[in-house]
Amino acid sequence: MHVPNYQEAKKRERVVFDIQKFVFDDSLKNLGKGKKYFVKTYGCQMNEHDSENIQAILEKLGFEEASDYLHSDLILLNTCSIRENAHNKAFGMLGRIQHLKEENPNILVGFCGCMAQEEGVIQALKKKYPFVNFVFGTHNLYDLPNVLASAIESKKQEIEVLAKEEKMMEDIPVKRASKHKAYVNIIYGCDKFCTYCIVPYTRGSQRSRKKEDILREVEELVHDGYQEVTLLGQNVNAYGKDLEGNYRMENLLEDVAQTGIPRVRFMTSHPWDFTDQMIDVIAKYKNIMPAIHLPVQSGSTRILKRMGRRYTKDEYLTLFSKMRERIPNVSISTDIIVGFPGETEEDFQETLDLVETCQFDNAFSFVFSKREGTPACKLEDNTTEEEKNERLYRLNEKLNAGFLKSNQKLVGKTLKVLVDGKNSTKKTSLYGYTEGNKMINFDGDESLIGKIIDVKVVDAKTWSLDGEVVCQKN
Ligand code: SAH
Ligand code: SF4
Ligand code: F3S
């Protein structure tokens, strides 16, 4: 048994990580024969992509995908630690699974992802949830076959979580959720240590993948007819800084654009290391989408300092204006936290001012959530929950007004849209995304799914657009 350790997780040492290729132990290929699996994913795109790897590994073991957790022989929760409610959701699900397991003790239950890297969660799994059969962490996802096989053999709770990353694994099999858009990891972990955030503890040190491995993956996707890649990392702008040489995010973006993939996206960008060269490359290539997720977190320089964000309100605004000036039709989205310990009404007003100035195209807003083990957890916090929720409400009103305004500007324009899929609940039959990452609903034939087509915007809503397909010339 290996368990997480925060003291270890916090350490940052310059090490060259051993890069290995995933090897599948063929003797395990019938482990799941005749059985069904269900993976429930919480959290960010990185977790979603990890689940794509997990699913492919489970299928190599002989399992087949179930339509829901009620009809599966193996249920695996891929969890997120970012806020309290993510925790609550995963524990709530474990409660439901417990009932199922009382009726059918043969169901196998697994737990992985960021929560598995938390000391407190592992203690809870041992004491309160002994029915969970196996646990692995974010650093040893590739070890799933062995952990599962040991759990089945020993009939005991198997916990294998590495406190720190040990190696980088290439060629992990992947079952992609989409046939036309794909996630590609470019950098793992995070060294920023924003004072509120748990990610540097659950995901470990910043580690860039080698450019050759990334480009090979993108080239394969181009070959397979993919229309879009999203380059993933907690802070993609730091790409390459941990490797030898001067190859950085701007170089990688340029090389990925030159593979000819029709659409390149990337996320998330930290404002602190967003370079002018990156802006130039985004502006230069038509296939790098003009959509930047640039979390600001707060509009108060005083609070930004307490958050450890390394930029001031003015520096953010300068970068923001530069992007708007130099990248044609750029769409900029953000993340904002309200109720950070010590945030006063004046600080919050500064956030509202910044939102008014920027008119973001999209945003995610959150109430600060205390994360065990982070520095902000120990800060004095005098703002009541009621006040925090009220601030969130006021912030959302302002953000929403901005989204609507930015969407209204698009009415009458014809935009390139990657048709993503069928609408099950809406009046129109299809939906897709514009280059600026706006969701657009429209009627059309199913055969358009996976294609990039022209759609004219006819109406604007707060979170989406309505459109009409423009006759396609062949
Ligand atoms: N790496 C990305 C963000 C990852 S987490 C970045 O640095 O921008 C996604 C968002 O969750 C963050 O941008 C932040 O707004 C929010 N978040 C992170 N920790 C939080 C906490 N403790 N409470 C509330 N929101 C938090
Ligand atoms: Fe968390 Fe900050 Fe790293 Fe983003 S940059 S993952 S907010 S520590
Ligand atoms: Fe959550 Fe881990 Fe992503 S904490 S947001 S799943 S990196």
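**Ligand surroundings and local features of the predicted model**

The shell around ligand 1 is made up of seven nonpolar, four polar and four charged residues. The structure described here is a predicted model, and the values that follow were computed from its atoms. In total, 15 residues surround ligand 1, and the closest of these are Gln234, Pro295, Gln297, Asp335 and Ser369. Polar atoms of the protein approach the ligand at several places: a polar side-chain atom of aspartate 335 lies 2.6 Å from an oxygen atom of ligand 1, while a nitrogen atom of ligand 1 is found 2.8 Å from a polar backbone atom of serine 369. A backbone N or O atom of tyrosine 196 likewise lies 3.0 Å from a nitrogen atom of ligand 1. Taken alone, ligand 1 exposes 540 Å², of which the protein buries 90%. With regard to secondary structure, the elements that contribute two or more residues to the shell around ligand 1 are the strands β15 (331-338) and β16 (362-367).

Phenylalanine 193 is situated in the loop between β10 (187-188) and α6 (199-202), and its relative accessible area of 25% makes it partly exposed. Asparagine 437, which is not a glycine either, also has a positive phi, in this case of about 70°. The loop that holds asparagine 437 runs between β18 (430-434) and β19 (439-442), and at 40% relative accessibility this asparagine counts as partly exposed. A further backbone feature is the cis peptide bond that joins methionine 267 and threonine 268, with an omega of about 5°; threonine 268 belongs to the loop between β13 (263-267) and α9 (276-284).

The buried residues of α3 are Ala86, His87, Ala90, Phe91, Met93, Leu94, Ile97, Leu100 and Lys101. Because these residues cover an arc of only 160° around the axis, they are placed on the same side of α3. An α-helix has 3.6 residues a turn, so residues three or four places apart point the same way. On the other side of α3, Lys89, His99, Glu102 and Glu103 are exposed.

Among the residues of other helices, arginine 391 is located in helix α13 (residues 385-408). With a relative accessibility of 2%, arginine 391 counts as buried, since the cut-off for burial is a relative accessible area under 20%. The side chain of arginine 391 makes a polar contact, at 3.0 Å, with the side chain of glutamate 343. Serine 321, by contrast, is part of helix α11 (residues 313-326) and counts as partly exposed at 32% relative accessibility. Between serine 321 and serine 67 there are 47 Å in space, C-alpha to C-alpha, the two being 254 residues apart in sequence.

Aspartate 242 lies in the loop between β12 (228-232) and α8 (249-258), where its relative accessibility of 22% places it in the partly exposed class. Aspartate 242 and glutamate 160 are 82 residues apart in sequence, and their C-alpha atoms are 27 Å apart in space.

Technical notes:
Residues are numbered from 1 along each chain as its sequence is written. Chains are lettered from A and ligands numbered from 1 in the order in which they are written. This is a predicted model: local features need pLDDT of at least 70, side-chain atom pairs count only at pLDDT 80 or more; totals for chains, interfaces and linings use all residues. Side-chain values use heavy atoms; hydrogens and water are left out. A residue is near a molecule or strand if one of its heavy atoms lies within 4 Å of it. A polar contact is a pair of N or O atoms within 3.5 Å; within protein, one must be able to donate a hydrogen and the other to accept it, and residues adjacent in sequence count only if both atoms are side-chain atoms. Accessible areas come from the Shrake-Rupley method with a 1.4 Å probe; for residues, only the protein chains shown count as cover. Helices (H or I, at least four residues) and strands (E, at least two) are DSSP runs, numbered from the N terminus. Ala, Val, Leu, Ile, Met, Phe, Trp, Tyr, Cys and Pro count as nonpolar, Asp, Glu, Lys and Arg as charged, and the others, Gly among them, as polar. Buried means under 20% relative accessible area, exposed over 50%, partly exposed in between (1.4 Å probe, protein chains only). The arc is that of the directions from the helix axis to the C-beta atoms.
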